[in-house]
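Please open the model in a viewer and keep the sequence alongside it.

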Amino acid sequence: MRVILAEDSTLLREGLVRLLAEEGHQVLAAVGNAELLLKAVTEDPPDVVVADVRMPPTHTDEGLRAALEIRRRLPSVGVLVLSQYVEKRYATELLTGESEGVGYLLKDRVVQVDEFLDALERVAGGRAAFDPEVVRQLLGGTTHTDPLARLTARERAVLAEMAQGHTNAAIARRLHISQSAVEKHTNAIFDKLGLTGGEGYSRRVLAVLRYLGS
């Protein structure tokens, strides 16, 4: 993969550069602020961008704004956003557009190298990757009139896996059930939540997160 990194922590940035290089990926640029990120992406668009939510000068949402701008200008470029904490407003804002090639991970997940690399590859391949803790808090924090109460425990488990960006086949492996059972639970989930998704699991994930995050 061709990757551009944006992280103001020099230690983390250089660590990611080394990790990706060791895995055979090409790091086109590694920068410390949103302005340089946008410049690097414009000059040589990568397969995927990894960007911290908070970067100089204000350390609020510069990275997120840059990620949204990249998605607007270059929708074919995947964007994986990193955050120190679960910030529902940022997660929801990132997910209000097309979710193909979008990811949101907590920084703690980066040290779990296999999970980080799996998420990066999914995003670069046009799929979704959401941190399990982000999904858990979104699922638990909805203010709607208890729409999840209608779901069975198994349907909730399938929904959480879907929201992380896993395919039906992956969900079946992770939950130790058949793929046809996953498809049955998926159909039941969307029927009960009144959601109509387009084709492709990432669109269904977007519909669920829009509903839960609104």
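The accessible surface of the chain is about 10,000 Å² (Shrake-Rupley method, 1.4 Å probe; for residues, only the protein chains shown count as cover), and carbon and sulfur atoms hold 50% of this surface. This is a predicted model, in which local features need pLDDT of at least 70 and side-chain atom pairs count only at pLDDT 80 or more, while totals for chains, interfaces and linings use all residues. Residues are numbered from 1 along each chain as its sequence is written, and side-chain values use heavy atoms, with hydrogens and water left out.

Of the 214 residues, 50% are buried (under 20% relative accessible area, 1.4 Å probe, protein chains only).

Next, select glutamate 7, in the loop between β1 (2–6) and α1 (10–22). Glutamate 7 is buried, its relative accessible area being 2%. Its side chain forms a polar contact of 3.1 Å with the side chain of lysine 107 (a pair of N or O atoms within 3.5 Å; within protein, one must be able to donate a hydrogen and the other to accept it, and residues adjacent in sequence count only if both atoms are side-chain atoms). The side chain of glutamate 7 also reaches the backbone nitrogen of serine 9 at 2.9 Å.

Finally, select α5 (residues 113–124), a helix of twelve residues. Its buried residues include Phe116, Leu120 and Val123. After α5, select glycine 126, which has a positive phi near 85°.

Terms used:
Helix = DSSP H or I, 4+ residues; strand = E, 2+ residues; numbered from the N terminus. Expected span 1.5 Å × (residues − 1).
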